[in-house]
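Okay, thanks for making time, everyone. I'd like to walk you through one model today, so let me put it up on the screen.

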Amino acid sequence: GFPAGTMGAAPVHLAIQASPTDESTVDVSASTTIPTTVMKVFGFNTLPASISCSADQDYVNNDIMLVLDVTGSMNCAAGTGTSCQYQATEQSGSRISKLRSAAAALYKALEGATGVRTRYGFMPYSMTVNVGKDLNSSWLANPANYWQQVTVCTKKDSHGNCTKTTTQWQLTPVTHSSNWFSKTWGGCVEERSTRSQTGTSILISSDVAQGDIDDTGTSPALQWQPYDDSLNQGQSDLASNLTTFCPAPAQRLATYSSESAFQTAVNNSVAKVGGYTNHDLGISWGMRYLSSTGMFASDNPTIFDEIPVDKHIVFLTDGEMTASTTNYSSFGVPAKEDRMVKGSSALAQRHIDRFLNACDRARQMGATIWVIALDIPDAGSLDAIKQCASGDDHFFTSDGSDLDLVFTRIG
């Protein structure tokens with residue numbers, strides 16, 4: 001239009017009010033009169049003009065996986081940066097407490113959407129992920145191979161009797177009972193071979209194909225081994241939750257009817273803190289739970305109630321990639337059997353390469369990735385995880401004090 005008074009136009013009367021039938025909708029109407037030229041001949045000096053419209057929150061269905069770092073450094077007080085890289089127990093003002101109190105801002109930012117579905121899933125990760133109870137039992141290897149300390153004879157007498165023994169590590173097949181699976185097993189799993197690798201040994205490379213995310217089956221190449229820290233022990237470290245560790249169970253995509261229900265899910269996801277930082281596990285398993293073509297395809301449609309479903313990963317971490325060669329993770333005990341093949345000689349760098357490839361694969365499969373760097377002042381670590389985000393406007397940094405605002409902006 002043009003300003004009132006131009007060419008004799010009358011002022012515009014504008015009315016804006018909330019819809020009486022839907023509080024999320026705003027009704028807008030405008031009216032004015034338009035001066036005539038030709039119609040004046042017929043006695044019409046002005047003609048009325050009016051328009052009305054409605055503005056609503058325009059949402060699509062959203063499936064959101066929160067991939068949350070629960071490593072030992074999350075027990076550190078927020079604001080300490082690289083000066084604190086591990087705490088055995090939660091400190092006052094911890095990073096994990098900032099996450100607990102801020103995550104609900106994401107829920108609040110989206111709870112006003114009407115006529116659409118928003119689901120949330122949770123993938124707590126460290127050097128393992130707890131996903132086993134969500135998997136079909138036939139997808140789990142049984143028997144599975146574990147490093148165990150066994151006694152072997154090193155010297156015999158003339159009659160063949162053993163006179164000297166020693167203890168050594170040996171890869172041994174172990175069959176678990178149904179009772180062990182139901183009552184003893186924590187639910188964590190060991191990562192299986194990358195689809196590009198062949199053979200009977202578990203070999204994991206940095207390339208991540210869609211098959212690495214989606215494929216399931218009963219063949220040994222497709223099965224995950226149960227994580228059993230009673231058998232496959234790593235060497236002693238700073239604390240027991242670094243030698244071996246299994247976080248709280250992952251939670252599949254679901255709707256939450258209230259903020260308190262969502263908060264309970266957050267609290268349950270971060271209830272256990274420990275272990276080293278394997279970002280590649282978090283992203284890979286986050287996408288496995290989110291995929292519409294993988295293990296949960298029947299529950300993850302791309303269209304729901306005739307409305308498209310957008311897929312999102314909100315990835316939060318407070319640290320750089322770390323990987324121990326001596327401790328027992330989802331990658332076994334590298335000092336005994338290095339399953340990470342190809343690439344850099346440095347174990348952590350091989351995990352970084354796999355992490356970034358997993359991020360690329362998730363984006364190619366339709367996921368938008370939001371990355372939150374919590375209390376990470378180190379430029380090198382920031383750059384590595386920033387590359388995972390779906391663009392600069394999908395990357396956020398926080399010292400913990402404004403973490404709720406970050407979740408709100410993502411929402």
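So, to start: which side chain meets Arg95 in a salt bridge? That would be Asp375, at 3.0 Å, N to O. By salt bridge I mean a side-chain nitrogen of Lys or Arg within 4 Å of a carboxyl oxygen of Asp or Glu. Arg95 lies in helix α1 (residues 95–102), and Asp375 in the loop between β13 (367–374) and α9 (379–386), so the pair ties together parts that are 280 residues apart in sequence. Helices here are DSSP runs of H or I with at least four residues, strands are runs of E with at least two, and both are numbered from the N terminus.

Arg95 is buried, at a relative accessible area of 1%, and Asp375 is buried too, at 8%. Buried is under 20% relative accessible area, exposed is over 50%, and partly exposed is in between, using a 1.4 Å probe and protein chains only.

Quick housekeeping before I go on. This is a predicted model, where local features need pLDDT of at least 70 and side-chain atom pairs count only at pLDDT 80 or more, while totals for chains, interfaces and linings use all residues. Residues are numbered from 1 along each chain as its sequence is written, and side-chain values use heavy atoms, with hydrogens and water left out.

Back to the charges. How many salt bridges does a search of the whole structure find? The search gives 14. Another one pairs Asp63 with Arg119, at 2.9 Å, N to O. Asp63 sits in strand β4 (residues 61–69) and Arg119 in strand β5, so this pair ties together parts that are 56 residues apart in sequence. Both of those residues, Asp63 and Arg119, are buried.

Now look over at Arg363 and Asp360, whose side chains meet in a salt bridge at 2.2 Å, N to O. They're three residues apart in helix α8, so about one helical turn separates them. Arg363 is partly exposed, with 24% relative accessible area, and Asp360 is partly exposed as well, at 29%.

There's also a network of salt bridges, linking Glu191, Asp280, Arg288 and Arg354.

Next topic, the cavities. Rolling a probe the size of a water molecule over the atoms shows where empty space is left. Here a cavity is a set of points on a 1 Å grid, over the protein atoms alone, where a 1.4 Å probe fits but cannot get out, and lining residues have an atom within 4 Å of a point. Grid points are joined across faces, edges and corners, and the volume is the space filled by probe spheres set on the points.

The search of the whole structure turns up two cavities of 30 Å³ or more. The largest has a volume of about 70 Å³, and its lining includes Met127, Tyr276, Phe331 and His351. What kinds of residues make up that lining? Six are nonpolar, six are polar and none are charged. For that count, Ala, Val, Leu, Ile, Met, Phe, Trp, Tyr, Cys and Pro are nonpolar, Asp, Glu, Lys and Arg are charged, and the others, Gly among them, are polar.

The second largest cavity holds about 40 Å³ of space. Its lining divides into one nonpolar, three polar and six charged residues. And here are some of those names again: Glu191, Arg288 and Arg354 are among the lining residues.

Last bit, the backbone. Most residues other than glycine have a negative phi, and most peptide bonds are trans. So where are the exceptions I'd like to show you? Asn142 and Pro143 are joined by a cis peptide bond, with omega about 10°. Pro143 is in the loop between β5 (118–125) and β6 (144–156).

Then there's Glu306, with a positive phi near 65°. You'll find Glu306 in the loop between β11 (303–304) and β12 (307–317), and it's exposed, at 77% relative accessible area. Lys342 has a positive phi as well, near 70°. Lys342 lies in the loop between β12 and α8 (347–364) and counts as exposed, at 58% relative accessibility.

Okay, that's my tour. Over to you.

Methods: 1 Å grid on protein atoms, 1.4 Å probe; cavity = no way out; pocket = protein on both sides within 12 Å on 5 of 7 lines; lining within 4 Å.
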